[in-house]
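Trainee: Could you take me through one part of this model closely, and then show me how other parts of the chain are packed?

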Amino acid sequence: MSSDISRTIVFAGGGTAGHVEPALAVAREWRDRHPNDRCIFIGTPEGLENSLVPAAGFELQSIPKVVMPRSFNTNLLRLPWQLLRAVQCARAIISQSTLVIGFGGYVSAPAYLAARIEKVPIVIHEANAKIGWANRLGAHFTKYLAIAHPVDRGKFANAKKTGLPLRADVQAAVREAAPNWDQAREQAKHRLGWNLNQPTLLILGGSQGSVSINAQIAAAMPALTSRGIQILHSVGAKNVLPQSTSSYRATPYISDMATAYLGADLIIARSGAVTCAEVGALGRMAIFIPLPIGNGEQARNADYLVAAGRAIVVSQREFTADWLSANLDAILLRSAKTSSQGLTDDLAAAKKIVELIESALTGVGI
């Protein structure tokens, strides 16, 4: 579908990959349908969007970062001024736009307030199982709400369930694997250089890596290597890179995540919304260690994977080298008995959100 009318769609979703990647997936879908429209991303000067958005071929404009303090301190006193300044900057971007779609995070609250002042339609997508504060604020200004997970109460209880938009490489990998998942997993192991007869472990700590998870993996290494386990470990770009061996590969980051997910018999990771969606689509079994800060959203993001028998959730305090050594064999056995087929619930998520944007532009009910 294309349009002769050139419109400007503003995407507010910055800070972490959990906000940026779904926004990019929707922007790509919108650009494919409406190539004459302009897509602008709003971000902050230090967010991941500064590398991800330009690399995807989209325009990025920055506003000041607004941080919601988690306790009463001097930052709380600065909040009104920070928010006012950010809203003013956002208004300059949004005033001539056709619609704003927000994905939560630091930039979304100022964008929602600016859109409300400028009388610009708003669409909101919430990726996490627990609604973030910015999206709770924005929900007062629009009925066009989308969720990745069901919500029991509040304004998002009646939102459109779209799932979480997947990155293009993950979507492509799911479609390629669909005819024969067992074969796809074997081919992924071959590409990674792994022995098909030995279990493979993929360890992730989020976009920046996890010092806590890295420390426990290091302590558990003798127990892991004695079992003949093959390990691919993304330690994070800013963390110390351990020495790799024939069965343990440490890397600052993994560029081909789709192959890594497919080739792993077990994944150890934080339970960010994007990670859960990607593990669900391509992974087989996961141990999730929720980040113990924030508003508790990571503790709930993996609920649907736990219910499907494809994941267990362990607190950061509980996840130790001793715990991993004591439970690993049973979890690997469980993984071997789990279906090799990934979940396809999120494949149409971007398309559904684009349809919601189109409904908001025409004023049609949902």
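Mentor: In this predicted model, strand 5 (residues 122-126) has five of its five residues buried, so the strand is largely enclosed by the rest of the structure. In a regular strand the side chains alternate between the two faces of the sheet. Here Ile 122, Ile 124 and Glu 126 point one way from strand 5, while Val 123 and His 125 point the other way, and all of them are buried. Strand 5 is joined by three bridges to strand 4 (residues 99-102), and the two strands run parallel; in this pairing, Val 100 stands opposite Ile 122 of strand 5.

Turning to the helices, the axes of helix 6 (residues 168-177) and helix 10 (residues 273-282) come within 10 Å and cross at roughly 15 degrees. Because angles under 35 degrees count as roughly parallel, helix 6 and helix 10 are therefore described as roughly parallel to each other, and their crossing is left-handed. Helix 6 contributes Val 170, Ala 173 and Val 174 to the contact, and helix 10 contributes Glu 278, Ala 281 and Leu 282; by class, this contact has five nonpolar residues, no polar residues and one charged residue.

Finally, Gln 298 lies in helix 11 (residues 298-301) and has a relative accessible area of 13%, so Gln 298 is buried, since buried means under 20%. Leaving aside neighbours within four places in sequence, Gln 298 is in contact with Arg 270, Ser 271 and Gly 272, as well as with Ile 289, Pro 290 and Leu 291.

Conventions: Residues are numbered from 1 along each chain as its sequence is written. This is a predicted model: local features need pLDDT of at least 70, side-chain atom pairs count only at pLDDT 80 or more; totals for chains, interfaces and linings use all residues. Side-chain values use heavy atoms; hydrogens and water are left out. Helices (H or I, at least four residues) and strands (E, at least two) are DSSP runs, numbered from the N terminus. Buried means under 20% relative accessible area, exposed over 50%, partly exposed in between (1.4 Å probe, protein chains only). Contact means heavy atoms within 4.5 Å. Axes are lines fitted to C-alpha atoms, for helices over the stretch in contact, and angles run from 0 to 180 degrees between N-to-C directions. Angles under 35 degrees count as roughly parallel, over 145 as roughly antiparallel, 65 to 115 as roughly perpendicular and the rest as oblique. A crossing is left-handed if the near helix is turned anticlockwise from the far one by less than a right angle, and right-handed if clockwise. Ala, Val, Leu, Ile, Met, Phe, Trp, Tyr, Cys and Pro count as nonpolar, Asp, Glu, Lys and Arg as charged, and the others, Gly among them, as polar. Two strands pair if DSSP finds at least two bridges between them.
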